[in-house]
Amino acid sequence: SAAIARPWDTPCVDSGLFASLRSTGAEGVVASNIVTAAAHGFSPAEMAYLKAVATAPYWADLERVVRAPAVDIIGGRFVVPFREDARAFAMPITKFADSKRVAFAGVSRAAYYVATGDYAKAEHALKTVVSYGFVLIDNGPFIIDALIGRVIVNIGRDGLQQLYTLTGNVEGQRLTVPFSTQPS
């Protein structure tokens, strides 16, 4: 359905899009420096792809989730209540590759807004990625949720660092420095 369309799940390896921004074998855009690259512009085909990502109806649902005071992750993953014979060790291991793709797509969304000169929307998109990571950290029932949430927070933080560097926002740059490189 259009409400859950996710254009970033469409492989762009053979299309030549973002060739310099992908790792070998990566199917989608790797967000490592796409916000910085946006300042230099993209081809019309790349902008069309980024626009599809940025305007996907999916983001309205994700933004609703990140604004919620709490998220029932267990209820979203499993049929509850559990049967009497349910055991934690028998639960399936959740695959988080999809969550990480959503985070990278959020950074690509921000790159679109940077490329169009809408820095406020770019910042909002990146803060949504960070908030998405915190949803997993704060509401996830297992340690893996917190670990993946941290990865997602870092993906959004990296994008914010790029944005704040591009815009000369010194305070924002200070707030987004990775913990391991902050002076003590």
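The chain has 8 helices and 0 strands. Keep in mind that this is a predicted model. Going along the sequence, the order is α-α-α-α-α-α-α-α.

Some totals before the details. The chain has 184 residues, and 38% of them are buried. Its exposed surface comes to about 10500 Å², with 59% of that supplied by carbon and sulfur atoms. As for contacts, take those with a separation of 6 or more: 64% of them join residues 24 or more positions apart.

Now the interior. In soluble globular proteins, nonpolar side chains tend to be buried together. Here the largest nonpolar core has 44 residues. Which of them touch the most other members? Those are Trp 8, Phe 18, Ile 34, Phe 42 and Trp 59. Helix 1, helix 2 (44–54), helix 3 (58–67), helix 5 (97–115), helix 6 (119–139) and helix 7 (143–167) each give two or more residues to this core. Helix 5 provides the largest share, 9 residues.

Let me take Trp 8 from that list. If we leave aside its neighbours within four places in sequence, what is Trp 8 in contact with? The partners are Tyr 49, Val 53, Ala 56, Tyr 58, Trp 59, Arg 101, Val 102 and Ala 105. One of these partners, Trp 59, is also among the core residues that touch the most other members.

Trp 59 brings us to helix 3. The buried residues of this helix are Tyr 58, Trp 59, Leu 62, Glu 63 and Val 66. Why do they sit on the same side of helix 3? Because they cover an arc of only 125° around the axis. Note that Glu 63 is on the buried list. The face turned away from that buried side carries the exposed residues Arg 64 and Arg 67. What lies over the buried residues? Their cover includes helix 2, helix 5 and helix 6.

Gly 16 is found in the segment before helix 1 (34–38). Gly 16 and Ala 45 are 29 residues apart in sequence, and their C-alpha atoms are 9.6 Å apart in space.

Definitions and conventions: Residues are numbered from 1 along each chain as its sequence is written. This is a predicted model: local features need pLDDT of at least 70, side-chain atom pairs count only at pLDDT 80 or more; totals for chains, interfaces and linings use all residues. Side-chain values use heavy atoms; hydrogens and water are left out. Helices (H or I, at least four residues) and strands (E, at least two) are DSSP runs, numbered from the N terminus. Buried means under 20% relative accessible area, exposed over 50%, partly exposed in between (1.4 Å probe, protein chains only). Contact means heavy atoms within 4.5 Å. Accessible areas come from the Shrake-Rupley method with a 1.4 Å probe; for residues, only the protein chains shown count as cover. A nonpolar core is a set of buried Ala, Val, Leu, Ile, Met, Phe, Trp, Tyr and Cys residues joined through side-chain atoms within 4.5 Å. The arc is that of the directions from the helix axis to the C-beta atoms.
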